[in-house]
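Please examine the structure shown below before reading on. The briefing then goes through selected features by topic.

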Amino acid sequence: MTGTRGRQLLPGQTSRVHVYDVASRTRRLVFESDTVLVEAPNVLDDRTLVLNGDGDLWLLPLPEPGDDRVLDETALVPVPMPGVDEINNDHVLDPSGESVVVSARDGELYRVPLPEGGSSSRITDTPAALPVVRKYYLHGIAPDGSALAAIVGERTPEGVWTTDVALVDPVSGATTFLTRDEHPDDGCAITPDGSTLLFNTERFTPGAAQLAALRLDGDGGTGDPVRIAVEDRVDWFPHLSPDGAHLLYLSYEPGVQGHPADHRVELRLLPGALARGARIAVLPETLVVLDGGQGTVNVPPWSPDSRWFAYCDYPMA
């Protein structure tokens, strides 16, 4: 684990992974390293996390229940990805559990088998003749695996950069844009019932990301994005639990631009009914205050039974 691939730890900084039990409102430290920065945990099963670090993909086998050991980088198991160069921290698990789709630094999406890895296949193939530079940032997948929810970033020859919500065919790579405007969008995910896209957007408050829901009509059409939580903070990466009961997200203080790393942030919880269109007055619950942001919960972190989720933080000595 050497070299300069991927995001690197700062001097005196550690990379940690926690699991958070929703029923008891308790967290448990399961991994800590001062040599490799791991990010964006997915939950493959009750005993295995999927992470990225040093530009590669890794499995982290969790200790048995009751085993309070804190693992280090020697516990990480590499997932071979032949044909895939350095990846970023945007990756989602196929509902079958047999593969993971990753976003590579070249801007394209690739499918990688799990758990052994190998024989990767490219999904998107941006035409060189396209009049814009296009990059895919993956955050969600339909419950039946039939569509990928991605943010598509495009830069025009004039240097104008836009980020829009899109659905990507996981076989052909065909891309259907669902938003196409000047408002920056990010962090999109498909709800477990496949009816709605959740994402963060600056369309409600210019310069400050807020959570939004976009209903899908089943025929490729949508309504208008609806704001979920009305507050003055900057909110990112909404993740609905598989049972639909809880909406987890990352919250920055007012005035923050984008989703920077090494920031004081909060993991917050809202009733999942808000993602389905319920209009109820409720205050978000802050579960954890931590040093992180970028890499903490970029991708779906929930366990299959919705009882716990995983997240990363990056404290300084």
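A residue is called buried when its relative accessible area is under 20%, exposed when it is over 50%, and partly exposed in between, with a 1.4 Å probe and protein chains only. At 3% relative accessibility, Gln 13 therefore counts as buried. The model is predicted, so local features need pLDDT of at least 70 and side-chain atom pairs count only at pLDDT 80 or more, while totals for chains, interfaces and linings use all residues. Residues are numbered from 1 along each chain as its sequence is written, and side-chain values use heavy atoms, with hydrogens and water left out.

**Surroundings of Gln 13**

- Gln 13 is found in the segment before strand 1 (15-21); strands (E, at least two residues) and helices (H or I, at least four) are DSSP runs numbered from the N terminus.
- Leaving aside residues up to four places away in sequence, Gln 13 touches Asp 34, Asp 262, Tyr 314, Pro 315 and Met 316, where contact means heavy atoms within 4.5 Å.
- Asp 34 lies 21 residues from Gln 13 along the chain, and their C-alpha atoms are separated by 6.5 Å.
- The side chains of Gln 13 and Asp 262 are joined by a polar contact of 2.7 Å. A polar contact is a pair of N or O atoms within 3.5 Å; within protein, one must be able to donate a hydrogen and the other to accept it, and residues adjacent in sequence count only if both atoms are side-chain atoms.

**The sheet 2-1-23**

- Three strands form an open sheet in the order 2-1-23, with antiparallel pairing; two strands pair if DSSP finds at least two bridges between them.
- Strand 2 (26-33) and strand 23 (308-313) each have a single partner strand and stand at the edges, so one side of each is left without a neighbour in the sheet.
- Strand 1 and strand 23 pair over six bridges in the antiparallel sense, and Val 17 stands opposite Cys 312 in strand 23.

**Strands 20, 21 and 22**

- Strand 20 (residues 246-252) pairs with strand 21 (residues 263-271) in the antiparallel sense over six bridges; Ser 251 stands opposite Glu 266 in strand 21.
- Seven bridges link strand 21 to strand 22 (residues 285-292), again in the antiparallel sense.
- The bridge partner of His 263 is Gly 292, in strand 22.

- Strands of a sheet pair through backbone hydrogen bonds, either parallel or antiparallel.
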